[in-house]
Amino acid sequence: MLARATSVSKSYGAGALSTRVLFDVSLALPAGELTLLMGPSGSGKTTLLSILAGLLRPSSGDVELCGEPISGATAEAVTRTRRANLGFVFQTYNLFPALTALDNVAEILAMKGVPLGEARSRARTALTRVGLGERLHHVPAKLSGGEKQRVAIARAFTGEPALILGDEPTAALDGTSAASVMQLLRDHVGPGRSVLLVTHDHRLERFADRVIELADGRIQRDTYRDPQRNTGELVA
Ligand SMILES: Nc1ncnc2c1ncn2[C@@H]1O[C@H](COP(=O)(O)OP(=O)(O)OP(=O)(O)O)[C@@H](O)[C@H]1O
Ligand SMILES: [Mg+2]
């Protein structure tokens, strides 16, 4: 399993002001699948994604990322596991404002230990693949929303991580760019590699193997698009 959550619950705040947003969520992501996580606004999708990425601690329950338990691990160990295995596309992009598109991508590879020259050449290739070959030297403030989103996507897949997690990674894209980005993410999936995307966009379902629906902090449905793969049991 590339990621596994077991009986994960999450509350924000403390005491009387505490609100519970995830209730006993269990979920496993095997290799070789593109999964969509769907559900209404406020249902807990970003919270669950952040917990799977080790960016947020669950209030209770266990999380494992690529075989490493991350719920009880130190912050340093979680960061190491995340850097080695994960590409993350944030809902708000999280680009470095002072760096060009090229360096935003190259910097992530450099953090993984790739020499700078090679990092920049791989970054150029990744940005060209998302259609930003002409925007390499622009800083984020000089890019449109959709262009920033594509930099974030190039950054997530360029390190060839085992698992890509994306929070609405096509929300700022027109239909054509969304389809081409989805094809790139689809191509990323293979032996040892999976993708999990939060989305509201039902048009993305044709690229997916599996759709998980979250409502009020609980998994309501977890189905494969290939009906033969639905055994009636949740993969957990
Ligand atoms: N840091 C926080 N502190 C307190 N409450 C929070 C915090 N983050 C999220 N929440 C609340 O938790 C619930 C779930 O939020 P979350 O961001 O996971 O929803 P979501 O499904 O990603 O929604 P959207 O589709 O709008 O992005 C919401 O009611 C939200 O107000
Ligand atoms: Mg969200």
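Reader: What volume does the second largest pocket have?

Author: Rolling a probe the size of a water molecule over the atoms shows where empty space is left. In this structure, which is a predicted model, the second largest pocket has a volume of about 210 Å³.

Reader: How is the lining of the largest pocket divided into nonpolar, polar and charged residues?

Author: Nine residues of that lining are nonpolar, while four are polar and four are charged. The largest pocket has a volume of about 430 Å³, and of the 17 residues that line it, Arg82, Leu86, Phe88, Phe90 and Ile108 are the closest to its centre.

Reader: Which residues surround ligand 1, and where does the largest share of its shell come from?

Author: The surrounding residues include Tyr12, Val21, Lys45, Thr46 and His200, and the largest share of the shell, three residues, comes from helix 1 (residues 45-52).

Reader: How far is an oxygen atom of ligand 1 from an N or O atom in the side chain of Ser41?

Author: For Ser41 the distance is 2.5 Å, whereas a polar side-chain atom of Thr46 lies 2.8 Å from an oxygen atom of the ligand, and for the side chain of Gln91 the corresponding distance is 3.1 Å. The protein covers 58% of the 630 Å² of accessible area that ligand 1 has on its own.

Methods:
Residues are numbered from 1 along each chain as its sequence is written. Chains are lettered from A and ligands numbered from 1 in the order in which they are written. This is a predicted model: local features need pLDDT of at least 70, side-chain atom pairs count only at pLDDT 80 or more; totals for chains, interfaces and linings use all residues. Side-chain values use heavy atoms; hydrogens and water are left out. A residue is near a molecule or strand if one of its heavy atoms lies within 4 Å of it. A polar contact is a pair of N or O atoms within 3.5 Å; within protein, one must be able to donate a hydrogen and the other to accept it, and residues adjacent in sequence count only if both atoms are side-chain atoms. Accessible areas come from the Shrake-Rupley method with a 1.4 Å probe; for residues, only the protein chains shown count as cover. Helices (H or I, at least four residues) and strands (E, at least two) are DSSP runs, numbered from the N terminus. On a 1 Å grid over the protein atoms alone, a cavity is a set of points where a 1.4 Å probe fits but cannot get out, and a pocket is an open set with protein on both sides within 12 Å along at least five of seven lines; lining residues have an atom within 4 Å of a point. Grid points are joined across faces, edges and corners, and a volume is the space filled by probe spheres set on the points. Ala, Val, Leu, Ile, Met, Phe, Trp, Tyr, Cys and Pro count as nonpolar, Asp, Glu, Lys and Arg as charged, and the others, Gly among them, as polar.
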